[in-house]
Amino acid sequence: MAMWFKKKTYGWLIVILIIGSAGLRCLSVIDPVDAQPAVHRNNKVYVAFGFHGNLYHSFRGDTNDENGFGKDIRVIRHILATLDRFNEQGVPVRASWEFDNHFSLEHLLPEHAPDIIKDVKRRVSQGRDEMLLMSYNNGLASAMTREEFTDAVNWSISNPWGSGVKDIFGSYSPIVRPQEMMTTPGNFEIYKQFGVKAVSLYYSATPFDTFRVFSRKLTQEEAHNPLAYKNDQTGEETLVIPTYNIGDLVENVSLGQWVHNLHRMQRQGEIRRDVLIFINFDADSEFWTGADRLKWPLNQLPNTKGLEGLIKEVQDLNYVRFTTVNDYLANHGPAGSVSFSQDTADGSFDGYNSWSEKRAATEYWTRIVEARRIHSTAEKCISLLRAPDFSSQVRPLMDKAYILRMTALSSTNFGMATPYVAPQRRLAMENILSHMDRLGDQIEAAIHHAVQKELVSSPVPAGHKALENLMLIGSAIHSEKTRLEYHESSLGNRFVILGEKMAEITGGKSGKGLYLTAQNRRTYPLVLVPGSTDGRFYISGDYPAPDGFYTLTLGPAPQGLDKVLTVDRSSAVTMLKNRNMTLGFDRTGALSDLTWSGKQMLSPGSLMPYIRYGGIKKSPGTLTVDAAQNDHTAVVRMTGTWTGPENRTLSPGSVNYTFGLMDDLPYLFVQGEVRYPATVNTDLIKADIHRLAVPADLEWQEVAPLELRLKAGATKNRPVRILKHNYFGIDSAYDLDYHRHSEENLDLDNVNNHITAGYVGMAAGNQGLALSIDQAVAANFAGAPVKVKYDRAKGEFKADINPFGSYHGKQNRRPTWGNGQGYEASLISGEQYHSAAPTYNGATSRFALMIGFFDGDRIPEKMKRMLDAHANPARIYGMNSLPAITVSKAATPVAYKAAIDGERVTFSWEKNNSYTTEYILRIGSQPGRYTHVFRTKETSLTLGGLSGTNPFEVGQRYYAVIETIISGQDSPVRTEEFCLDILPSTRISARAKIPWRFPLKVIWANVMAFCGV
């Protein structure tokens, strides 16, 4: 139990603990763990200790002390000293180490603790320890492109900076322990190319797990041996090492009890071979040093004496052998087989919630995808353009941007700390992305300049007016080989971004249309995507437009398009429909009906945003619904204000959604912008560590900007199926059949094991939906969590999918042969199990989706091509004669917030534009009367009251406005007045609070274990 207990105790609790501890001591004398009947079989229990080294944290900062990587250095030194001491005493304990290369081996350890590298290298050279692989950048392995992932694996072995494990340690074992246990189809193929023969993945009874919920229940013989893994959909094969963490020690009472139980099964013939317990956990965990602060009798509990205690528990048992993973594999083949197809990660809900569902994750990932797109475009231009100096000009910029992108891909920049990563981590990530963005701008400028020199005019069709010569380049990041292999895609683009000015030119001009005309005289009609404000066009016609040079022309409206759009209005319903799809919205703005091919596909309540706050679901009130129609599109606009929770809201939110249909296309286009209400932050997370403290409102529990509720239901025999697409371009699927392990899994509060590389789908009851995410607007690597509810009366599952939102609730249940206390201990101590919803407080989200429906449980190939094209719109280069859109300087601050900590209030807001020079906060205790004025050039301001003699008072209401001073404008721009109620605040310690019943459970489990119950 490596957790901190509250200092306050109760007399009767101490008595029970003393009695329990005395009972343990008596029982250990009567029936010690190693007192066994005669061994009938010669099978052994092997124990391997794994230490996961990564000095770049989401929970802590970048300082050489206990609040940063100094803690890692202290604990790792302790581990090494412990191993050496026992080896000197003749105990052959060994270790399996893995470190990230970029942050730990390349920078932090050489600079701050070179002795650690020296000592690990010594132990490896002596044959005591081994080095496993992790990844060069401790990156989001499952969200990388093929090129990024290949480099991350290759550089973990050897790299130009000399930080590969082979470079430093001279040798390594061909086994990988992925960062955060992240895998996706395609990863195993790359690992195999580099000679990796096995992958270590958690098969844990705790929520800190990888595949226990996803696979069939393993026997104990299988669960403690290598397994032959095969992905039935991709054909990839490897060995999987079932791996355990410190929570599993609590689950099994202790390491001594664990090996005892396994050896008993060996003697009884239930296990017919050797077994391996591979315990792998973070090398910075104080579990390894022991809970020194615990006093008697708590310090008599198992799992409180660190690595030393674990070694002592088993060192004298004649059936236990210390080993490394590779040495065990050398003489032990697979004990069984296993298969699963989820994209794995060891985060909350056994998936990606701890990284992808924060508000910042979407902002970060959108910028990373943009950097990929720029890199891909530059590569294409190097091949397409004739300029001899273009490559030498952009290649150095591309290389620098690529290294920064690999650094940004570190999983630590996204989590797993939840709801917020440490303040220093957010600052470091912003610095990385800002530098990457600047390099991207330079590459883009070089491309524009080079393209300008090579632009040529295409023949202009009769009746057309030439507007611009340009170069069209697709933005998909997959290689053409991958796209052809998995999509059978013809070369070309179906969507293109021409810019806001082009949207203005075509908007409202009936009878006119834009065209791309190629050098071979072929014309491609363009239709403005419904609701698009950035000049996004659909390239209609029979053929997609390939990369190349074009002339943009304005001509007669495209002929031959099937004009079947209609907009019906009545007093009760606004109807939008074409030949394939019909949508109905009631007078409040709520979706009343959505049918496709005559079948209702979405349940009422879909498409309407909501938050769950303090256990109560809150949606906007009545929204305004307007409809419009032109030559080829019809739209419904839904707008309005979103009032927040009563007495907690600092500023209201707003909704601005556009739903559109285009000609006869069977897709619904959605353009969305939602600003969530800003509530007062009255919680201070890690209040006892100033540098790590973060204000929050923890009443936020769930966020759903555009939830889609699939109407069709699933059954136990034919469960909900998730259809996914990763950045390797590989499509795969998995079923939500987790109820086979526990009835508690009939309802699944968050399912997020699907990388969303542009699109994702879901099917139930022979019907499905697919979402395409326009990554130029907003992208997220796992941005569409799913929730499943089971109707026990009907025996039916219903599934909802939540793009750019976050779900929360109970963790999944998994099969266990233990006592369930490791599961409980993980939930008590794990910061990653909190909701990500507080990060949306007062924030603004923008997104663009294309939604399609289908029959069956697979996305049709034709639809996949369309989804992929929409997600990766082509870009144009060379256009420069059209006037740019004027940026408004009159924007007011947005997403203004207030965080209360005792008598101190911190006001903050988002920067509105680059022309702002100063902000003014005017505040008073009566509406419209602002008696005190405060100025700042920053986007936050901390006050202790209206003045030094007039502190803020709990229960008092204050009224304020924020003004923006803008360069070149005579008058400041002011927000609407907002009110702030000073509410009681909560300071949350960095240490976990242990429910008083839990230590008693652990004591009792020990008593029962020693009694043989």
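Over the ring of which residue does the charged end of Arg-372 sit? The ring is that of Tyr-727, and the charged end of Arg-372 is 4.7 Å from its centre. The points below concern a predicted model.

1. Overall make-up. The protein contains 21 helices and 53 strands. Of its 1013 residues, 61% are buried. When contacts between residues at least 6 apart in sequence are taken, 75% of them join residues at least 24 apart.

2. Tyr-727 and its cluster. Besides lying under the charged end of Arg-372, Tyr-727 belongs to a cluster linked by ring pairs. A second case of a charge over a ring is Arg-425, which lies over the face of Tyr-56 at 3.7 Å from the ring centre.

3. Aromatic pairs, Phe-149 with Phe-728. The structure holds 42 aromatic pairs. One of them is formed by Phe-149 and Phe-728, with 6.0 Å from centre to centre and 65° between the planes, an edge-to-face arrangement. Phe-149 is in helix H5 (residues 146-157), while Phe-728 is in the loop between strand S34 (721-725) and strand S35 (731-735), so the pair ties together parts 579 residues apart in sequence. Phe-149 has 2% relative accessibility and counts as buried; Phe-728, at 1%, also counts as buried.

4. Aromatic pairs, Phe-211 with Phe-340. Here the ring centres are 5.2 Å apart and the planes are at 20°, so the pair is stacked. Phe-211 belongs to the loop between strand S5 (198-202) and helix H8 (220-223), and Phe-340 to the loop between strand S10 (337-338) and helix H13 (353-356); the pair therefore ties together parts 129 residues apart in sequence. Both Phe-211 and Phe-340 are buried.

5. H5 against H15. Helix H5, which carries Phe-149, packs with helix H15 (residues 390-408) at an angle of about 80°, the axes being 11 Å apart. H5 is therefore roughly perpendicular to H15. On the H5 side the contact involves Glu-147, Glu-148, Asp-151, Ala-152 and Trp-155, which meet Tyr-402, Ile-403, Arg-405 and Met-406 of H15. Sorted by class, this contact has 5 nonpolar, no polar and 4 charged residues.

6. H3 against H4. Helix H3 (residues 101-112) and helix H4 (residues 114-125) pack at about 105°, with axes 5 Å apart. The two helices are therefore roughly perpendicular to each other. H3 contributes Leu-105, Leu-109, Pro-110 and His-112 to the contact, and H4 contributes Pro-114, Ile-116 and Ile-117. By class the contact of H3 with H4 has 6 nonpolar residues, 1 polar residue and no charged residues.

7. Gly-164. This residue is in the loop between H5 and helix H6 (165-169). At 0% relative accessibility, Gly-164 counts as buried. Its C-alpha atom is 8.0 Å from that of Leu-105, 59 residues away along the chain; Leu-105 is one of the H3 residues in the contact with H4. Leaving aside residues up to four places away in sequence, Gly-164 touches Asn-101, Trp-155, Ser-156, Ile-157, Ser-158 and Asn-159. Of these, Trp-155 also takes part in the contact of H5 with H15.

8. Two glutamates. Glu-454 is placed in the loop between helix H16 (423-452) and strand S11 (465-473). Its relative accessibility is 7%, so Glu-454 counts as buried. Not counting residues up to four places away in sequence, Glu-454 touches Leu-384, Leu-385, Arg-386, Ala-387 and Phe-549. Glu-237 is in strand S7 (residues 237-243) and, at 44% relative accessibility, counts as partly exposed. With the same exclusion of residues up to four places away, Glu-237 touches Lys-192, Tyr-229 and Lys-230. The C-alpha atoms of Glu-237 and Phe-188 are separated by 7.0 Å, and the two residues are 49 apart along the chain.

9. Helix H20. H20 (residues 861-871) is mostly covered, with 8 of its 11 residues buried. The buried residues include the charged Lys-864 and Asp-868.

Notes
Residues numbered from 1 in each chain as written. Predicted model: local features only at pLDDT ≥ 70, side-chain atom pairs only at ≥ 80, totals over all residues. Heavy atoms only, no water. Axes fitted to C-alpha atoms, helices over the stretch in contact; angles between N-to-C directions. Helix = DSSP H or I, 4+ residues; strand = E, 2+ residues; numbered from the N terminus. Parallel < 35°, antiparallel > 145°, perpendicular 65-115°, else oblique. Contact = heavy atoms within 4.5 Å. Phe/Tyr/Trp six-rings, centres within 6.5 Å; stacked < 30°, edge-to-face > 60°. Buried < 20%, exposed > 50% of the residue type's maximum accessible area, 1.4 Å probe, protein only. Lys NZ or Arg CZ within 6 Å of the ring centre and 35° of its normal.
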